[in-house]
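Please open the model in a viewer and keep the selection tool at hand.

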Amino acid sequence: MTGTKTDERGTYKPTPLFKFDSRPRRVQVIPKGTFIDCKNWNKGKIKGKRNILAYIELLDEPVVKNSILQNDVRIDGQWCKTNTNGEFQKVINDNRLFVNSNGFPNEKSYRDENSRNVHTNLWLDAGYNELGKQILDQILGKDNVFPYPKPVELVKEIIKSIDNPEAIVLDFFAGSGTTAQAVLEKNAEDDGQRQFILVTNNEGKIMEEVCYPRVEKIIKGYNFSGKITETLYEENLSFSSLKNTDGILSEVKEIEEENKRSMQFEKIIKEIDDNKIIVYGEKNVKEKREGLGNSVKYYKTAFVGKHNILDADDKDKIQLAHHAGEMLAIAENTLEQIKKNAHWQIFESRERMTAVYFREEQDQLDEFAKEVLSLKKPVTVYMFSWEEKVEIIDFEDNKNINLKTIPQPILEIYKQIYNII
Ligand SMILES: C[S@@+](CC[C@H](N)C(=O)[O-])C[C@H]1O[C@@H](n2cnc3c(N)ncnc32)[C@H](O)[C@@H]1O
């Protein structure tokens, strides 16, 4: 979404504290000691009447050190929030003051507040496919990798409405993997433990060439080199704002002149689009983008061996059994396979393990039991059996071991693989 930023507390949108309408001007004081998120704030940046959104004038020169205001600063303007009802004091007390690069004080409104409220104008707020495309092209370092990726903020907004930091988010039409990025970013913002399951038909090799590499890069980080744009100014064109075209034009001119001095951007782009006037700054950057951490596993459905279970040779049977075991590992959320042989498999996650014995013959059972008993984490054990319930004396009364029956569909697979003839 254009205009969102992130601080330690999460993603926020700077919301203007001044409004151009018929409201009266008043002088309010931002008191010494207030926390203010700003890079550089000086009185010269805001002169009376300069802001097209409202009248605003700084009456004192602000001095900010380590984000703390060192003096009382009076501001004369059309304040949206006043202290008559304590609203402005609340902004100060909650450390929500943010001064943007043009010197205008804003309030931080955090996205995780009103967490169940999905914006009615979701697309407008989150940006369109074009923004999703920019994000994706930047990550993969190529142009036009996928025609219609959703913007990440849009999917994050939907995830937010679920209001469960441990949600499992399933996307059956994964495309370029926007859902995975949204889940990973949301987790990074609020320390969530959400997981994602993405499914695709792999049309045009989208999983191998776009989706999976994208998710890996989000997790591990990547080098970015290319153009980035930043929105410096945005104004809806309405009758009241058109009355103030001089103000709009002088605001835009000021941005251009400020950039000539600071050389922050290589190009300033001015656009009128969708009844909005927007000014972007564009620059080339080369930077390392840190990964968000976490892990991902990629499973592929495929025919094994001779495409017919009746013709399967021993090698095919073991491969099939291993794939069936992977499904149990998914169900147990222990995705890392740490051991496999012709009789059993062992998987682990950070906290737990899963052990699967998939053969009817029990000649390797002692070895298997020994291995399971040596594992250092709680283990769920799945044992092939023709009976409905299995019992293994070695595992009895062992609190670390949870013996489970194999779910029927997977049991059927094992039975077919090993006992069909
Ligand atoms: C509109 S895209 C999804 C875009 C995605 N939300 C993103 O942000 O990149 C739809 C995707 O679904 C895939 N697809 C189409 N039919 C499918 C099917 N029957 N099963 C699984 N995926 C399918 C297409 O290959 C395409 O990649």
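Select Asn201 and the ligand: a polar side-chain atom of Asn201 lies 3.0 Å from an oxygen atom of the ligand, a polar contact being a pair of N or O atoms within 3.5 Å. On its own the ligand has 610 Å² of accessible area, and the protein covers 70% of it (Shrake-Rupley method, 1.4 Å probe).

This is a predicted model, in which local features need pLDDT of at least 70, side-chain atom pairs count only at pLDDT 80 or more, and totals for chains, interfaces and linings use all residues. Residues are numbered from 1 along each chain as its sequence is written, and side-chain values use heavy atoms, with hydrogens and water left out.

Next, select the residues around the ligand, among them Phe146, Lys150, Phe172 and Gly175; each has a heavy atom within 4 Å of the ligand. This shell divides into 5 nonpolar, 5 polar and 2 charged residues, with Gly counted as polar and Pro as nonpolar.

Now turn to the open sheet, whose 5 strands follow the order β1-β2-β10-β9-β4 with mixed pairing. Strands are DSSP runs (E, at least two residues), numbered from the N terminus, and two of them pair if DSSP finds at least two bridges between them. At the edges stand β1 (5-7) and β4 (36-37); each has a single partner strand, so one side of each is left without a neighbour in the sheet.

Finally, select residues 97-99 (β9) and 105-110 (β10), antiparallel strands joined by 3 bridges. Phe98 has Asn106 as its bridge partner in β10.

Methods: A polar contact is a pair of N or O atoms within 3.5 Å; within protein, one must be able to donate a hydrogen and the other to accept it, and residues adjacent in sequence count only if both atoms are side-chain atoms. Helices (H or I, at least four residues) and strands (E, at least two) are DSSP runs, numbered from the N terminus.
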